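Biologist: I'd like a close look at one part of this model, and how it sits in the rest of its chain. Could you walk me through it?

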Amino acid sequence: MSQTVGIVLVSHSPGLACGLRDLLAQIGSGSVPVIAAGGTADGGIGTSYDLVLDALDRADRGAGVVLLPDLGSSVLTARAVLADHPRPGVVLVDAPFVEGAVAAAVTASVGADLQTVAVAAEEARDVRKF
Amino acid sequence: MSGSSEAAPAAPPVPPASVAPPAPATPGTPAAPAAPAAPEAPEAPAALRVELPAPAQVPAVPPATAEATVRLPANLHARPAGALARAAAAFRSTVRIEHAGRSVSPTGILAVMGLGATRGTEVTVRAEGEDAAAAVAALALVLTEAE
């Protein structure tokens with residue numbers, strides 16, 4: 001209960017993942033472990049199996065992790081990591097990258113459990129921007 | 001509080017089994033010293049009586065409601081919407097945020113941002129539940145301090 005669900009942001013772009021992480025911090029998710037796993041290991045555009053695996057370890061504080069890919073091979077890489085390293089406490093969510101991350105971070109910041117955080121992220125798909 | 005004040009039923013007098021042992025089912029006088037208003041006592045004993053009275057049901061304690069309207073000092077953008085969501089999570093009451101004819105839950109930060117409430121416009125916080133007043137006070141404060 002005292003642990004907070006973690007969030008891993010998987011993106012093709014290091015800047016996109018880190019920028020989103022910074023945005024989440026501004027919204028007040030300071031208590032939530034948010035780890036950016038963007039780009040390739042050398043900082044290029046692409047996805048990195050190792051970065052995702054490492055991010056999962058760092059985001060997991062005992063309450064589970066929501067794994068949020070931006071699109072395309074981010075999903076494939078995330079799936080490959082989970083296939084090789086099955087973890088009961090990790091949920092790969094199908095959600096809009098920015099909105100899903102914001103909803104997940106706010107929900108996690110109030111102490112919600114893994115399932116609730118994952119649902120909050122996926123529900124972001126149905127919320128109109130304006 | 002007043003949940004158990006529907007003591008209207010004619011509970012006291014009729015202990016049929018114990019009072020009527022002598023005569024099995026004599027219509028006449030079923031030993032009714034303390035049962036003045038019980039005409040058909042013999043035929044319809046205990047079970048039926050329970051269903052009779054129900055005219056004045058006391059409703060469950062009405063839920064507390066509260067509301068407050070705030071004129072926004074700043075746009076209701078991501079940061080205050082996040083603060084609103086976190087504040088709302090601390091209460092048990094059902095809370096709604098209303099703006100320009102739309103109503104959303106404050107726990108949904110995306111929906112709150114989607115209201116598009118801008119500086120100088122009014123937002124109403126409405127709550128219903130045991131801690132409604134505290135919830136409205138807390139959320140109105142968040143809105144008041146938005147920047």
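Biologist: In what order do the elements of chain A run from the N terminus on? And which residues of H3(A) are buried?

Modeller: Quick housekeeping: this is a predicted model, where local features need pLDDT of at least 70 and side-chain atom pairs count only at pLDDT 80 or more, while totals for chains, interfaces and linings use all residues. Residues are numbered from 1 along each chain as its sequence is written, with chains lettered from A and ligands numbered from 1 in the order written.

From the N terminus on, chain A goes β-α-β-α-β-α-β-α-α, which gives five helices and four strands (DSSP runs numbered from the N terminus: H or I of at least four residues for helices, E of at least two for strands).

Now to your helix. H3 of chain A covers residues 73–84, and its 12 residues should span 16 Å at 1.5 Å a residue; the end C-alpha atoms sit 16 Å apart, so the two agree (the expected span is 1.5 Å times one less than the number of residues). Its buried residues are A:Ser74, A:Thr77, A:Ala78 and A:Val81. Down the axis of H3(A), these fall within an arc of 100°, so they line one face of the helix (the arc is that of the directions from the helix axis to the C-beta atoms). Buried here requires 20 or more other C-beta atoms within 10 Å of the residue's own, exposed 12 or fewer, and partly exposed is in between, with C-beta atoms placed from the backbone. The face turned away from that buried side carries A:Leu76 and A:Ala83, which are exposed.

What does the buried side meet? The buried residues of H3(A) pack against strand S1 (6–11), helix H2 (49–59), strand S3 (65–69) and strand S4 (90–92) of chain A; contact means C-beta atoms, placed from the backbone, within 7 Å.

Leaving out residues up to four places away in sequence, A:Ile7 touches, among others, A:Val32, A:Val34, A:Ala59, A:Val66, A:Leu68 and A:Ala101. A:Ile7, A:Val8, A:Val66 and A:Leu68 touch the most other members of the largest nonpolar core, which has 70 residues (a core is buried Ala, Val, Leu, Ile, Met, Phe, Trp, Tyr and Cys joined through C-beta atoms within 7 Å). Helix H4 (residues 97–109) of chain A gives this core its largest share, eight residues.

Zooming out, 50% of the 130 residues of chain A count as buried. The C-alpha trace of chain A spans about 35 × 35 × 25 Å along its principal axes.

Terms used. Contact = placed C-beta atoms within 7 Å.
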